[in-house]
Amino acid sequence: MGTTDAMPIQTMRETLHLLGWLNARYGRPDRAVGYFELMTVVDGLNATSWRTLATIQLSLEKNPEALVSAAKALELGLPPEEAALCHLVCAIAARRLGDTSESDRAAGEYLKARVLSGQGGGES
């Protein structure tokens, strides 16, 4: 395949996202994680891809991997509502790994991000 025949990065990103999402949605998280891992290779600066990968890794109880992926997503920058999810992933994964102080710290960050995103729960 010549360079003119290469799939545009946006098309590749959308295809991998769709395949990952479909596999996650229809009960194949083990396959979904592979597509999202590939997506982070294709587009390593896409924070949302890292966030999605972290949540799927957490569902598979790949806790150390979920911590790394969530940290990468936070490092790249996310809107508060997406950052909240990453902090929650970190809190759960750290708790599963027995690191209660890190879990408590991440839970605090989760609550702060929820307030920043307007999802704080106090608006009833």
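Here is a short chat about the helix packing and core of a predicted model.

Student: Since this one's predicted, what's the average pLDDT for the chain?
Tutor: The chain averages 89, and 92% of the residues score at least 70.

Student: Which helix has the lowest confidence, and which the highest?
Tutor: Helix 1, residues 9-25, is lowest with a mean of 87. Helix 4, residues 63-76, is highest at 97.

Student: OK, on to packing. At what angle do helix 3 and helix 5 cross?
Tutor: Roughly 35°, with their axes coming within 10 Å. Helix 3 covers residues 47-59 and helix 5 covers 80-96.

Student: Left-handed or right-handed?
Tutor: That crossing is left-handed.

Student: Which residues meet there?
Tutor: From helix 3 you have Thr48, Arg51, Ala54, Thr55 and Leu58. They meet Glu82, Leu85, Cys86, Val89, Ile92, Ala93 and Arg96 of helix 5. By class, that contact has seven nonpolar, two polar and three charged residues.

Student: What does Val89 touch, leaving out residues up to four places away in sequence?
Tutor: Ala54, Thr55, Leu58, Ala66 and Ala70. Val89 also shows up in the largest nonpolar core, where Val89, Ala70 and Leu78 have the most contacts.

Student: How many residues are in that core, and which elements give two or more?
Tutor: The core has 22 residues. Helix 2 (29-42), helix 3, helix 4 and helix 5 each give two or more.

How values were computed
Residues numbered from 1 in each chain as written. Predicted model: local features only at pLDDT ≥ 70, side-chain atom pairs only at ≥ 80, totals over all residues. Heavy atoms only, no water. Axes fitted to C-alpha atoms, helices over the stretch in contact; angles between N-to-C directions. Helix = DSSP H or I, 4+ residues; strand = E, 2+ residues; numbered from the N terminus. Left-handed = near helix turned anticlockwise from the far one by under 90°. Contact = heavy atoms within 4.5 Å. Nonpolar A, V, L, I, M, F, W, Y, C, P; charged D, E, K, R; others polar. pLDDT = per-residue confidence, 0-100. Core = buried A, V, L, I, M, F, W, Y, C linked by side-chain atoms within 4.5 Å. Buried < 20%, exposed > 50% of the residue type's maximum accessible area, 1.4 Å probe, protein only.
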